[in-house]
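The sequence and structure come first.

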Amino acid sequence: MRLAVDVEQLIAERVQESLAIKQALLGNAETLALIGEVGSCMTQSLRNGGTVFFYGNGGSAADAQHLAAELVGRFGCERPALRGCALTTNTSSLTAIGNDYGYESVFSRQLEAMGSPGDIAIGISTSGASKNVLNAIAVAKQKGLITVAMTGVEGGPLRRIVDHCICVESDRTPRIQELHIMIGHILCEIVEEQLFGALTNSQASCESLA
């Protein structure tokens with residue numbers, strides 16, 4: 001017989017877990033500095049007409065779409081659209097590449113077609129071991145893109161091959177994903193602040209990019 005779940009206790013425990021990981025991030029000066037560095041890299045690329053590419057699997061695919069939308073639409077203020085692209089959304093490309101070349105090539109083939117030197121490739125993988133994300137990073141490096149990974153605590157193989165790896169101090173997928181989207185939001189806010197010089201809130205009116 002299945003025991004009844006104490007729902008209130010479960011909720012409290014999950015909130016506490018999430019808070020603990022956020023506190024760990026807050027206390028990690030090296031990772032905070034790294035997030036700032038990645039945000040500035042994104043700003044520079046976008047200022048120069050580059051594109052920020054996001055990609056991952058499952059929940060990380062959803063994060064890729066979410067963050068690309070924050071750039072193309074808006075994050076916190078009215079301003080010109082920015083070049084963000086999620087490699088997880090074109091079902092014809094995904095299925096054609098998967099069918100003809102294998103699922104491990106669904107992101108790398110797209111970067112081969114669309115990536116240019118100075119663009120940013122952000123691979124999102126809680127394990128840091130997703131083969132298609134690793135392959136995309138390899139192609140991105142060959143083409144002269146700046147490579148970034150968002151992963152869990154160990155970073156996996158991704159940590160060893162990217163220019164910048166933002167590792168969340170957890171080995172639990174839901175908690176890692178929660179931090180990934182928070183970090184992604186911070187990156188978008190950094191970009192808006194650095195490009196347009198306005199506070200990122202819904203009432204802000206951004207200046208035109210000089």
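## Burial, strand pairing and cysteines

Ser-60 is buried, at a relative accessible area of 2%; buried means under 20% relative accessible area, exposed over 50% and partly exposed in between, with a 1.4 Å probe and protein chains only. The model is predicted: local features need pLDDT of at least 70, side-chain atom pairs count only at pLDDT 80 or more, and totals for chains, interfaces and linings use all residues. Residues are numbered from 1 along each chain as its sequence is written, and side-chain values use heavy atoms, with hydrogens and water left out.

Ser-60 belongs to helix 3 (residues 59-72). Helices (H or I, at least four residues) and strands (E, at least two) are DSSP runs numbered from the N terminus. Beyond its neighbours within four places in sequence, Ser-60 has contacts (heavy atoms within 4.5 Å) with Ile-124, Ser-125, Thr-126 and Gln-177.

In strand 1 (residues 52-56), five of five residues are buried. Val-52, Phe-54 and Gly-56 lie on one side, Phe-53 and Tyr-55 on the other. Two strands pair if DSSP finds at least two bridges between them.

| Partner | Sense | Bridges | Opposite residues |
|---|---|---|---|
| Strand 3 (residues 84-86) | parallel | three | Phe-53 and Cys-85 |
| Strand 4 (residues 120-124) | parallel | five | Val-52 and Ile-120 |

The structure holds zero disulfides, a disulfide being a pair of cysteine sulfur atoms within 2.5 Å. For Cys-167, the nearest cysteine sulfur is that of Cys-165, 3.5 Å away. Cys-167 is buried at 14% relative accessibility. For Cys-188, the nearest cysteine sulfur, that of Cys-77, is 11 Å away. Cys-188 is buried, with a relative accessible area of 2%.
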